[in-house]
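Please consult the sequence and structure shown below alongside the text.

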Amino acid sequence: MSENREHFSSKLGFILAAAGSAVGIGNLVGFPVSATKNGGGAFLLVYALFVAFICLPVMMAEMAMGRNAQKDPLGAYKALAGEKSNWKIAGFLAVLTPFMIAVFYMVITVWIFGYLSQTLFGNLDLLATPSHFDNFINSYTVFGYMAVVVLIVNLILLGGVKQGIEKAAKFLMPALFVMLLVLVGYVLTLDNAMAGVKYYVIPDFSKMNASVLNGALSQAFFSLSLGMGILMTYASYISKKDDIVGSAKMVAITDSLVAFVAGLMVLPAIFSFDPSTDPTKLSDSSVSMIFVYLPKILLALQNDIGYFGASAVAFSFFLLVFFAAITSLVSIVEVPTATLCDRKNISRKKALGILTLATGLLTVLCTMSFGMVDWLTSMTSYGSGSKSFFDIVYDVFYDTILPLNGLMVCLFVMYRWKKARLTAELSQGAPNYAGSLIERYVNFSLSTFIPIILLVIFINTVATKFFNVSLFGF
Ligand code: TRP
């Protein structure tokens with residue numbers, strides 16, 4: 001099967017696609033806000049260390065598994081561990097997780113697309129009214145926007161690896177970089193912009209505590225698409241000649257750089273709008289920042305550049321977020337798509353048809369869980385209180401299972417597949433890897449403290465999320 005498996009046309013194509021997956025909504029608003037609230041430069045520094053020393057080895061391990069097996073995640077675990085091995089449970093989770101994350105991410109991408117369209121129609125003033133967001137997410141127009149987003153994602157995925165995923169990434173990612181830089185350039189000219197930059201970059205080490213460290217690591221882990229089966233799937237589309245070690249570094253650098261630069265757009269905008277903003281009071285939720293807080297700021301730009309100008313900036317901003325979201329969505333739907341194609345030997349078209357129905361149904365249920373339908377809105381209650389269907393999908397898959405999947409990758413690669421095979425795989429395309437300091441670090445960290453840290457994060461998340469018990473006093 002691997003001879004006729006489609007491959008990315010180049011290493012650059014792979015890097016852009018993987019970076020496109022990693023760069024998402026969270027990079028653009030969530031990251032900058034949480035950095036500012038949690039110690040500015042101190043957070044940035046700790047985050048960078050976590051990316052380099054904890055996330056990168058996991059990323060290389062996932063990529064090595066995918067490329068070696070040339071299969072989807074479930075197929076990869078089965079191929080590398082044996083058809084009968086219980087490790088297929090890990091493979092199953094590595095496919096179920098992206099399937100469910102696709103559902104919740106689709107809901108948010110649809111809202112972004114709705115806001116993008118509204119700015120195009122000249123309705124920025126409407127978006128900035130306080131009750132708009134609640135009304136919008138409970139209106140049936142959401143389903144119209146959903147149809148368009150589903151169509152876009154399917155059109156990209158139908159094109160396959162080269163003509164679909166790679167081509168889209170090669171257009172969307174450079175466009176995203178350019179728009180981001182232009183917006184940063186504009187925002188930095190606003191009054192008081194520098195106050196925001198200061199809060200963002202000046203380190204305040206007094207804010208560092210166990211909870212901040214845990215948050216920074218989780219964020220780095222999620223942001224890099226780890227534990228989602230995505231990197232395994234994308235790496236199954238690269239050739240043995242490609243350098244995984246170098247590519248993984250590039251993906252991590254691109255993702256972190258976009259997140260960092262996004263801060264130079266978001267924080268100056270916030271501080272020029274209101275110089276007396278108390279950064280610790282900014283919302284932790286990217287959703288409320290993007291859909292409630294930022295539209296107000298974008299509208300206020302009309303004092304500077306008029307309503308049309310403000311609408312143009314708002315349009316660029318939502319387009320930027322939309323592009324970031326689409327490349328992530330494409331990557332996450334590709335995992336179950338690849339699994340269906342590989343496991344059931346069906347065409348992409350058929351696999352996408354099945355997935356559109358399955359994720360479509362769940363996405364509709366999630367969309368209706370913000371008040372449209374009562375039983376979906378308050379489905380159950382655990383931890384901090386009543387939970388909607390959307391909350392459950394988010395809490396279980398995005399917050400809880402991801403570190404568990406990362407833990408499985410570490411344990412599998414180190415103790416079942418074994419270090420020597422990992423080194424052999426990573427050395428293909430990176431001949432200097434074997435025997436290098438990096439190799440020693442990767443093998444040591446993946447077999448010792450990284451799985452322990454991931455296990456602690458997993459246990460702590462389960463305890464706090466579902467039982468309202470906070471371990472370690474945070
Ligand atoms: N960095 C992404 C974000 O900020 C998180 C993410 C990584 C993601 N890979 C993804 C989300 C794939 C959805 C699908 O949103």
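In the second largest pocket, α15 contributes four residues to the lining, the largest share of any element. The model is predicted.

**Second largest pocket**

- The volume of the second largest pocket is about 260 Å³.
- Its lining comprises 13 residues, and those nearest the centre of the pocket are Arg5, Glu6, Cys341, Asp342 and Arg348.
- Sorted by class, the lining of this pocket holds five charged residues, together with six nonpolar and two polar ones.

**Ligand site**

**Polar atoms at the ligand**

- An oxygen atom of the ligand is 3.2 Å from a backbone N or O atom of Ile25.
- Asn27 places a polar side-chain atom 3.0 Å from a nitrogen atom of the ligand.
- For Ser223, a polar backbone atom is 3.3 Å from a nitrogen atom of the ligand.
- The protein buries 97% of the 360 Å² that the ligand exposes when taken alone.

**Ser236**

- Ser236 is located in the loop that lies between α12 (230-235) and α13 (244-273).
- Because its relative accessible area is 0%, where buried means under 20%, Ser236 counts as buried.
- The side chain of Ser236 reaches the backbone oxygen of Thr233 at a distance of 2.6 Å.

**Largest cavity**

- The structure contains four cavities of 30 Å³ or more, and the largest cavity has a volume of about 140 Å³.
- This largest cavity is lined by 13 residues, with Val187, Met265, Ala269, Leu298 and Phe317 the closest to its centre.
- At least two lining residues of the largest cavity come from each of α9 (160-187), α13, α14 (286-300) and α15.
- The lining of the largest cavity consists of 13 nonpolar residues, with no polar and no charged ones.

**Second largest cavity**

- The residues lining the second largest cavity include Ala102, Met106, Val150, Val153, Asn154 and Val333.
- Also part of this lining are Leu352, Leu355, Thr356, Thr359 and Thr363.
- The helices α5 (88-120), α8 (141-158) and α16 (348-367) each supply at least two residues of the lining of the second largest cavity.
- With five residues, α16 accounts for the largest share of that lining.
- The lining of the second largest cavity has seven nonpolar and four polar residues, and no charged residues.

Definitions and conventions. Residues numbered from 1 in each chain as written. Predicted model: local features only at pLDDT ≥ 70, side-chain atom pairs only at ≥ 80, totals over all residues. Heavy atoms only, no water. Polar contact = N/O pair within 3.5 Å; in protein donor to acceptor, adjacent residues only side chain to side chain. Areas by Shrake-Rupley, 256 points an atom, 1.4 Å probe, with all protein chains shown as cover. 1 Å grid on protein atoms, 1.4 Å probe; cavity = no way out; pocket = protein on both sides within 12 Å on 5 of 7 lines; lining within 4 Å. Points joined across faces, edges and corners; volume = space filled by probe spheres on them. Nonpolar A, V, L, I, M, F, W, Y, C, P; charged D, E, K, R; others polar. Buried < 20%, exposed > 50% of the residue type's maximum accessible area, 1.4 Å probe, protein only.
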